[in-house]
Amino acid sequence: MATDTQLRDDAPGGKSGITVHAVRWVENLSETQFAYLLLVPTVLILGVIAFWPLLSTFEMSLRADALIGAKPIGEYVGIKNYVDLLTGKRNAALTRPFMPGLSVDGQFPFLHVAGGTLFKSAITVTLIFTIVSVFFETIIGFGQALVLDQDFRGRRWVRVAIIIPWAVPVVIQGMIFFLLFQPGIGFLVEPLQQIGLFSSTPLINSVDSMIIVIVADIWKTSAFMALIILAGLQSVDRSLYDVAKVAGASKWQQFKLITFPIILPTILVAMLFRTIGAMRVFGIIETVSSCSTVPSLSCLVVTTFSQRRYGTAAAIAFLTALLIAIVVSVYIWKFNDEGGV
Amino acid sequence: MAQKSGATDSVSRRRFVKTVGATGTVAGIAGCSSGGGNDGGGNGEDGGTTTTSSSDDTASGKTQVQFAADSRAADNQDAINAALHEAGLDENIEVDILAGSQVTDNRQQQYTQWLSANRNQPSLLMMDSGWTIPFIVRDQVANLEEELPSSLISEVKDNYFGASVATAQDQSGALHGIPLFPDFPTIQYRKDLMREAGYTDSDFEKWATESMHWKDFSNAVAEARDATSTKHGFTFQADVYEGLSCCDFNEWLTSWGGAYFGDHENLFGPIGDRPITVDEQPVVDSLRMVRSFIHGSDDPEGLDGYAQIAPESVLQWTEETSRKPFTNGDVVAHRNWPYSININGAEDAFGEDLGVMPIPYGVQASESKYEGAGGPVAALGGWHVTLNPNAAKKSAALKVIEAMTKESFQLTMFGTIGWIPPRPTLLDSEEAANVDVIGRYVKQLKVAGENAVPRPVTAVWPQESTKISQEANAALSQDKAPADAMSSLKEALASIESSV
């Protein structure tokens, strides 16, 4: 009623009826309806710039590749591209296989990856890269954040030093690591070969290259994790530590019972962001090694796309998105458990 | 509560509606203005470019033809225009050169996007001889036999390097591109180091035009390396990349009398209906030879009698990474493209001490099972000029192409930016021999050009190239036995060939 009164009182006498009707209509909406109204522009924009291309890509993934002729894409083939990718029938057209060679036998864990294909198939390379890099980036980023959260002389410069790798463009970072491991140019190849860690040509060896790419990614992206976790640390109410000290809690107990539970949702959000990024890794691989040596899922999308196999590229892109969605669902499920929502 | 109430008051629904209305009005007005501007400027990027270009033409009285090339050509735009006008191009026509990526794959992707979008600019495109055919089979470049005089087409087909012409034709032999300049790899070596090992100028004179056997080559290089305590004997490119499949490996296997797809008449198709011959003995032997170069006599898969002359690093090296140790003086011999002759033969590098010879051979052509294989071979590189079928200024663009076929233009470009003339006869000319540095080696380049072998470019070559470089590198890295690697490769190639 108050709203109606206000509307009548404030109604501009000389304004057109459309404006009055619009204002009245909006003011009479419930809170929920008003919220949906506010979301309409966002949904429309997302629809145009995100969902339409997504649907268009999906439609493309249901079509055959067209390598010959003027048409860029072939006829409708249903889910054939997906089936061929998952069964290995499309391997010859890919830089490296989409799936590793798998075999089943009676020995635990029953499903076995064929020797040599673990580091040469896109799914396993992407998962290994993601798990290892996100794990180390979280640990190192957490450590960096704990250091940065302390009050000490020169803290500003330490913060700058930690953030610098994050600011380095991926091409320059890639070139640094490429040159470090280039025989005859980089100084790391010989010593690492002598101690038996790497081969003499690490950038064409899948395992060596994977380690180098992971190290390069950790070097760059730990700073990102540190910044997000630091934001979480600084939101912790300091008086809680004073109470803990009075209660006789040790540093470890303070960390375990106060710091960690409070910033856990922040850590999960940081890990979620990094996991999504890691599962789409491409730039650092292409600049340090090559998609042939470290074939991630994004590598397969880019190489098939550049070879004009648009149907195959779209199908791989969709499978990648599906895999990311599954992993993200795990995080969101865990995030709910931790009371983050 | 007071704060919440205040917040509610400050953004009331009424104010929200007013703000949205005002924003919409402003955006609408701005949009209309912008739309009007666009309408005037033409429909999209192409239209805009054309309109602007036309007005420029009217103002200056000149017709500008856009030519997508590389930064080197763009840097020499004035010299290229001058050479074209000297070759008879109408003074009212000028070429506007777009500097594309120096990386050939990036340029290919750029052209794919432009031509798939049916753009009318650029009118002319400089295309790598290694990937012109995929554009031809997709009808994305014009058939020049329908656009140019038949006498000109015949002149190109009869007088240019045959291998270059072959990579600009469709399956019926129709020409879709005119070779602008070819590129042929050679072996560069240090005469001063060879002299220390007892070789003389008469040897160098012979090597310049008569290819050596790989065994003699490896032994000569090893002698020079040992006599001079040079770090490495021979560097080349064996990384997992296009350069291995198109060129280095292609040269080794062809020089041994092997082939990817049997006779060279099968190089460009028909896909799926040609023999796959990569698992045959000559191909396997060529890999075994290179394994001996890299791993020496300890390698059980190596060939006897071939010296260990190459560092393992070649397995990770491409053109520039393999050239630098040679230019730094740490290597006796090096396989590379003519651009590096200009670097290594410069006075501040090795000058007259740089020797150049054709690629060595494994078997003579007469001993080879396949036509086109055996003897001294050189992988074909180089670039063509092609016509955009939707070209905005087609007649002017065709006149530019005609001028590019003139001998005076080709010789001027050889001297200006090192584009090797596409006619073998021009390499015999005095003008070519007088070009600084590379002019000293035209005899060797001619031999290489006459024995050039193109990569087997078809619509599926990009996929086949990837598999070839992976398997060849795996064999050279000792990850697989050469015979096993080639057997896997044959299987992969068969699968790719049957997928089209």
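This short talk goes through two helix pairs in chain A, the contact between chains A and B, and the domains and sheets of chain B.

Please keep in mind that this is a predicted model, in which local features need pLDDT of at least 70 and side-chain atom pairs count only at pLDDT 80 or more, while totals for chains, interfaces and linings use all residues. Residues are numbered from 1 along each chain as its sequence is written, and chains are lettered from A and ligands numbered from 1 in the order in which they are written.

Helix α5 (residues 122–148) of chain A and helix α11 (residues 251–279) of chain A have axes that come within 9 Å and cross at roughly 145°, where an axis is a line fitted to C-alpha atoms, for helices over the stretch in contact, and angles run from 0 to 180 degrees between N-to-C directions. The crossing of α5(A) with α11(A) is right-handed, meaning that the near helix is turned clockwise from the far one by less than a right angle, with anticlockwise giving left-handed. Contact here requires C-beta atoms, placed from the backbone, within 7 Å, and among the residues that meet are A:Phe129 and A:Glu137 from α5(A) and A:Met271 and A:Arg274 from α11(A). By class, the residues of this contact are 6 nonpolar, 5 polar and 2 charged, where Ala, Val, Leu, Ile, Met, Phe, Trp, Tyr, Cys and Pro count as nonpolar, Asp, Glu, Lys and Arg as charged, and the others, Gly among them, as polar.

In the second pair, the axes of helix α6 (residues 155–167) of chain A and helix α9 (residues 206–234) of chain A come within 7 Å and cross at roughly 120°. The two helices are therefore oblique to each other, given that angles under 35 degrees count as roughly parallel, over 145 as roughly antiparallel, 65 to 115 as roughly perpendicular and the rest as oblique. The crossing of α6(A) with α9(A) is left-handed, and the residues that meet include A:Trp166 in α6(A) and A:Trp219 in α9(A). This contact is made up of 8 nonpolar residues, no polar ones and 1 charged.

Turning to the interface, 30 residues of chain B are in contact with 27 residues of chain A. On the chain B side, α21(B) gives the most, with 5 residues, and that side has 11 nonpolar, 13 polar and 6 charged residues.

Within chain B, an automatic or database domain assignment gives domain 1 (31–183 + 381–422) and domain 2 (186–377 + 457–498). Their C-alpha centres lie 33 Å apart, and their contact takes 11 residues from domain 1 and 10 residues from domain 2.

Finally, the sheets, in which two strands pair if DSSP finds at least two bridges between them. One open sheet of chain B has 4 strands in the order β6-β7-β5-β8, with mixed pairing; β6 (232–235) and β8 (354–357) each have a single partner strand, so one side of each is left without a neighbour in the sheet. Another open sheet of chain B has 5 strands in the order β2-β1-β3-β10-β4, also mixed, and within it 8 bridges join strand β1 (residues 63–70) to β2(B) in parallel.
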